[in-house]
Amino acid sequence: MPVPHPKRACGECDACCTTLQVDELAKAAHTPCALLKRLQPDGGSGCSIWKDPTRPSICHTFVCEWLAGFGENHADRPDRLGLILRMGHATEGPLASEPFALVHEIINEAHLRPRARTVLAQIGQNIPIVLVKLSGERVLLGSKAIVERLGPQVLGPVGSAVVPLAR
Ligand code: SF4
Ligand code: SF4
């Protein structure tokens, strides 16, 4: 688990509170958590039960790569970039034995924006990227060599979850 960057804080970003599935709260992926302050009568930003020790474990432990220090301080915060980046973890399948980036779109087709393309191109030179589009489609991105090596195994039919990925 990455260590949060000492000079970074989520601020107004609450992208992961929408994107992640939280079983304990029966919260589906890509659905804003009902416990977000901005959805409460008094409004505000962040989580309304932040200090509650019974908060689901994923809420305590999730750290995106931006919060851990990756990328530019302003432009690459997930709510601005349109993407949440983290390292993926596959327990089986073609990516089980190598590091890869797991990237969730939080804005439709955000991966096509100029800054996002630059960031993804940078990462994709070194490791495979599994992009989870807002539509649910999973797309393999990376250098030509990476895509040629992994593409047919990883991609599968559009919309299928071919790669077993830990959340
Ligand atoms: S996506 Fe990252 S920066 Fe945004 S709220 Fe989650 S951990 Fe914080
Ligand atoms: S409980 Fe709080 S931290 Fe967890 S998903 Fe909901 S708003 Fe986010």
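Visitor: Where is the place of A26?

Guide: A26 sits in the loop between helix 1 and helix 2 (57-61). Helices here are DSSP runs of H or I with at least four residues, strands are runs of E with at least two, and both are numbered from the N terminus. This is a predicted model, in which local features need pLDDT of at least 70 and side-chain atom pairs count only at pLDDT 80 or more, while totals for chains, interfaces and linings use all residues. Residues are numbered from 1 along each chain as its sequence is written, and chains are lettered from A and ligands numbered from 1 in the order in which they are written.

Visitor: What is phi of A26?

Guide: Most residues other than glycine have a negative phi. A26 has a positive phi, near 55°. H30, found in the loop between helix 1 and helix 2, also has a positive phi, near 60°.

Visitor: Why does A26 count as exposed?

Guide: A residue is buried if 20 or more other C-beta atoms, placed from the backbone, lie within 10 Å of its own, exposed if 12 or fewer, and partly exposed in between. A26 counts as exposed because it has 8 C-beta neighbours inside 10 Å. H30 has 16 such neighbours inside 10 Å, so H30 counts as partly exposed. Of the 167 residues of the chain, 29% count as buried.

Visitor: How many helices and strands does the chain have?

Guide: The chain has five helices and four strands. From the N terminus on, the order is α-α-α-β-β-α-β-β-α.

Visitor: Which residues of strand 3 are buried on each side?

Guide: In a regular strand the side chains alternate between the two faces of the sheet. In strand 3 (residues 129-132), I129 and L131 are buried on one side, and V130 and V132 are buried on the other. Strand 4 has R138 and L140 on a covered face, with V139 and L141 on an uncovered one.

Visitor: In which sense do strand 2 and strand 3 pair?

Guide: Two strands pair if DSSP finds at least two bridges between them. Strand 2 (residues 101-105) and strand 3 are parallel, with four bridges. The chain goes from strand 2 through helix 4 (residues 114-124) to strand 3 in a right-handed β-α-β crossover; right-handed means that, with the strands pointing away from the viewer, the path from the first strand over the helix to the second runs clockwise. Strand 3 and strand 4 (residues 138-141) run antiparallel, also joined by four bridges. L131 has V139 as its bridge partner, and I129 stands opposite L141. The hairpin of these two strands has five residues between them, and there G136 takes a positive phi near 100°.

Visitor: Which residues touch the most other members in the largest nonpolar core?

Guide: A nonpolar core is a set of buried Ala, Val, Leu, Ile, Met, Phe, Trp, Tyr and Cys residues joined through C-beta atoms within 7 Å. The largest one has 29 residues, and L83, L85, A101, V103, I129 and V130 touch the most other members. Helix 1 (16-19), strand 1 (83-87), strand 2, helix 4 and strand 3 each give two or more residues to this core.

Visitor: Which residues are around ligand 2?

Guide: A residue is near a molecule if its C-beta atom, placed from the backbone, lies within 6 Å of it. Around ligand 2 are C17, V22, C33, L35, L36, C47, I49, R55, P56 and C59. Ligand 1 is surrounded by 13 residues, the closest being C10, C13, A15, C16 and C64.
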